[in-house]
Amino acid sequence: MSRRLATVAVVCSLVGTAFIGSAVVGSVTGCVTAAQVRSVTYPASFQYIPQERLTDSMWRLARGVQDLDDTFGASTELADADRQTRVLAILDDMSIATAAISAPGQNTNHPTIELNLDRLQVDIALARSAAAQTPVDFAPARQLPTACLSCHVGGPGGPQRH
Ligand code: HEC
């Protein structure tokens with residue numbers, strides 16, 4: 001490592017910025033952001049999924065599963081049409097949450113996600129079309145939590161399979 005890079009490394013670690021392999025970035029004028037490093041260390045086909053977005057989406061999915069459960073729950077006195085509207089809205093939200101972390105046909109930094117997220121998206125779409133049809137069919141929506149089990153052990157939101 002050249003003296004210049006060593007200096008940058010020291011400065012960067014002093015300010016608490018993640019510093020990884022700035023040599024590949026070429027002319028280094030200051031600290032290197034994690035995104036800049038990724039832009040040269042991962043191929044273009046690679047979709048990097050930020051941890052924060054992953055966690056947000058997962059909690060949104062968890063909320064969706066809970067809301068579906070509440071909507072189907074025996075204690076809910078909902079008119080059929082209201083229940084249908086509610087289920088469709090929840091499924092739409094779960095679909096958006098999944099799309100935010102989806103990388104169809106691409107490599108990601110999360111091997112688990114690469115394998116199973118397409119499947120979750122398909123399951124949500126199937127649940128939605130069944131819930132939208134007349135007569136309404138909620139069975140796929142009720143079974144949706146099992147789609148979480150392709151990545152989670154024990155229950156939705158349980159420890160991840162790796
Ligand atoms: C494609 C794989 C995959 C599927 C399918 C999946 N998850 Fe996850 N989930 C993950 C991964 C990976 C993490 C860990 C994120 C991390 O690294 O912290 C996670 C984390 C979570 C978390 C914890 C978030 C946190 O604060 O760390 C919850 C809650 C969760 N998932 C709920 C769900 C629910 C509910 C479903 C089904 C609707 C679901 N997940 C389906 C991969 C998946």
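Which residues does Leu91 touch, not counting residues up to four places away in sequence? They are Ile124, Ala127, Arg128, Ala131 and Ala141.

## Overview

This is a predicted model. The protein chain holds seven helices and two strands. Along the sequence, they follow the pattern α-α-β-α-α-β-α-α-α.

Buried residues account for 16% of the 162 residues in the protein chain. Take the contacts between residues at least 6 apart in sequence: 49% of them join residues at least 24 apart.

## The nonpolar core

Leu91 belongs to the largest nonpolar core, a set of 16 residues. Leu91 is listed among the members with the most contacts inside this core, along with Val87, Met94, Ile124, Ala127, Ala141 and Leu144.

In soluble globular proteins, nonpolar side chains tend to be buried together.

## How H3 and H4 pack

Helix H3 spans residues 51–72, and helix H4 spans residues 80–99. Their axes lie 9 Å apart, at an angle of about 165 degrees. An angle over 145 degrees counts as roughly antiparallel, and H3 and H4 are therefore roughly antiparallel to each other. Their crossing is left-handed.

On the H3 side, the contact is made by Ser57, Arg60, Leu61, Gly64, Asp67, Leu68 and Thr71. On the H4 side, it is made by Arg83, Arg86, Val87, Ile90, Asp93, Met94, Ala97 and Thr98. By class, this contact has six nonpolar, four polar and five charged residues.

## Val136 in its loop

Where is Val136 placed? Val136 sits in the loop between helix H5 (111–132) and helix H6 (139–142).

Is Val136 buried or partly exposed? Within 10 Å, Val136 has 16 other C-beta atoms. A residue needs 20 or more to be buried, and 12 or fewer to be exposed. Val136 is therefore partly exposed.

Setting aside neighbours within four places in sequence, Val136 is in contact with Gln84 and Ala131. Gln84 is 52 residues from Val136 in sequence. In space, the two are 7.8 Å apart, C-alpha to C-alpha.

Note on methods: Residues numbered from 1 in each chain as written. Predicted model: local features only at pLDDT ≥ 70, side-chain atom pairs only at ≥ 80, totals over all residues. Axes fitted to C-alpha atoms, helices over the stretch in contact; angles between N-to-C directions. Helix = DSSP H or I, 4+ residues; strand = E, 2+ residues; numbered from the N terminus. Parallel < 35°, antiparallel > 145°, perpendicular 65-115°, else oblique. Left-handed = near helix turned anticlockwise from the far one by under 90°. Contact = placed C-beta atoms within 7 Å. Nonpolar A, V, L, I, M, F, W, Y, C, P; charged D, E, K, R; others polar. Core = buried A, V, L, I, M, F, W, Y, C linked by C-beta atoms within 7 Å.
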